[in-house]
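Subject: Handover of a structure

Dear colleague,

Please find the structure below, together with its sequence. My findings follow it.

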Amino acid sequence: KDPKDRSGTTGHAFLSALSAGGKMSYILGLTGGIGMGKTTISNFLQTLDFKILDADVIARQVVEPATPGLAKLKKTFGSQIIQADQTLDRAKLGKIVFNDPKKLAQLNQIMQPLIRAEYEKQLALAEQKGDKVVVIDAALLFENGYADHCDAVINVEVPKALQLKRIIERDHLSEEAALERIASQMSAEKRRNLATITVDSSGTVEETQAQVIKWLKINNLIEN
């Protein structure tokens, strides 16, 4: 698929700070469903000196103690979600929103603008530093609109049976609970169709990395 057109407006000021400088970093999206092996690829890309913007890390940063984000969550969901050390009790918040679509929507309404603003800030800093490639690592890359701002997207995938096995073993879940987690995300087929390239991570780490290296070389993002 062709890289995304980053010249027009998208409804967000996502790249305004970058385009103002003339030179632009190559923005590479990285996504994959739960248990697909996205973290393995992200760790590998980091060894290539690519700047990694990890959605999970940013989501934690915006609700650290004394942040406006944590204050908003406390106001919305109550002081029960704040632990004695003033950090967010993620397990308690998770229980509150997991089976309540209205509360989950409230959480997303608070979190997504905060995460987006932090992405913009960190992207601008990466551009100022002269990072050649910036990776946006996010499980919800397509769902939250971040893919619209990427030059290309790598999707990481394994067969469903292996995905299920990985989730059950890693997260100590029942098969039913693991299937619920999978069903709550975008389908693998849809993610595959939206991505620029899909990497199969069901083999060895070396085999998975080889697919990524080949694509990066073809696109002149690393030297041959």
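Leu28 stands opposite Ala152, a residue of strand β4. Please note that the model is a predicted one.

This pair belongs to the contact between β1 (residues 26–32) and β4 (residues 152–157), two strands that run parallel and share five bridges. Gly32 of the protein chain likewise has a counterpart in β4, namely Val156. Towards β3, β1 again pairs in the parallel sense, and five bridges join the two. There, Ile27 has Val134 as its bridge partner.

How enclosed is β1 by the rest of the structure? Seven of its seven residues are buried, so the strand is largely enclosed. The cover extends to both faces: Tyr26, Leu28, Leu30 and Gly32 are buried on one side, and Ile27, Gly29 and Thr31 are buried on the other.

**The sheet as a whole**

In which order do the five strands lie? They form an open sheet in the order β2-β3-β1-β4-β5, with parallel pairing. At the edges are β2 (51–54) and β5 (197–200), each of which pairs on one side only. From one strand to the next, the twist averages 25°.

Strands of a sheet pair through backbone hydrogen bonds, in either a parallel or an antiparallel arrangement.

**Helices against the sheet**

Two helices deserve mention here. Helix α2 (residues 38–47) packs on the sheet and touches β1, β2, β3 (133–137), β4 and β5. The direction of α2 makes about 155° with that of β1. Helix α10 (residues 205–218) lies across β1, β4 and β5.

**The chain overall**

The protein chain has 10 helices and five strands. Of its 224 residues, 42% are buried. Among the contacts with a separation of 6 or more, 70% are between residues 24 or more positions apart. The accessible surface of the chain comes to about 12300 Å², and carbon and sulfur atoms account for 52% of that surface.

In brief, β1 pairs with β4 and with β3, and its residues are buried on both faces.

With kind regards

Technical notes: Residues numbered from 1 in each chain as written. Predicted model: local features only at pLDDT ≥ 70, side-chain atom pairs only at ≥ 80, totals over all residues. Heavy atoms only, no water. Helix = DSSP H or I, 4+ residues; strand = E, 2+ residues; numbered from the N terminus. Buried < 20%, exposed > 50% of the residue type's maximum accessible area, 1.4 Å probe, protein only. Contact = heavy atoms within 4.5 Å. Areas by Shrake-Rupley, 256 points an atom, 1.4 Å probe, with all protein chains shown as cover. Pairing = 2+ DSSP bridges. Axes fitted to C-alpha atoms, helices over the stretch in contact; angles between N-to-C directions.
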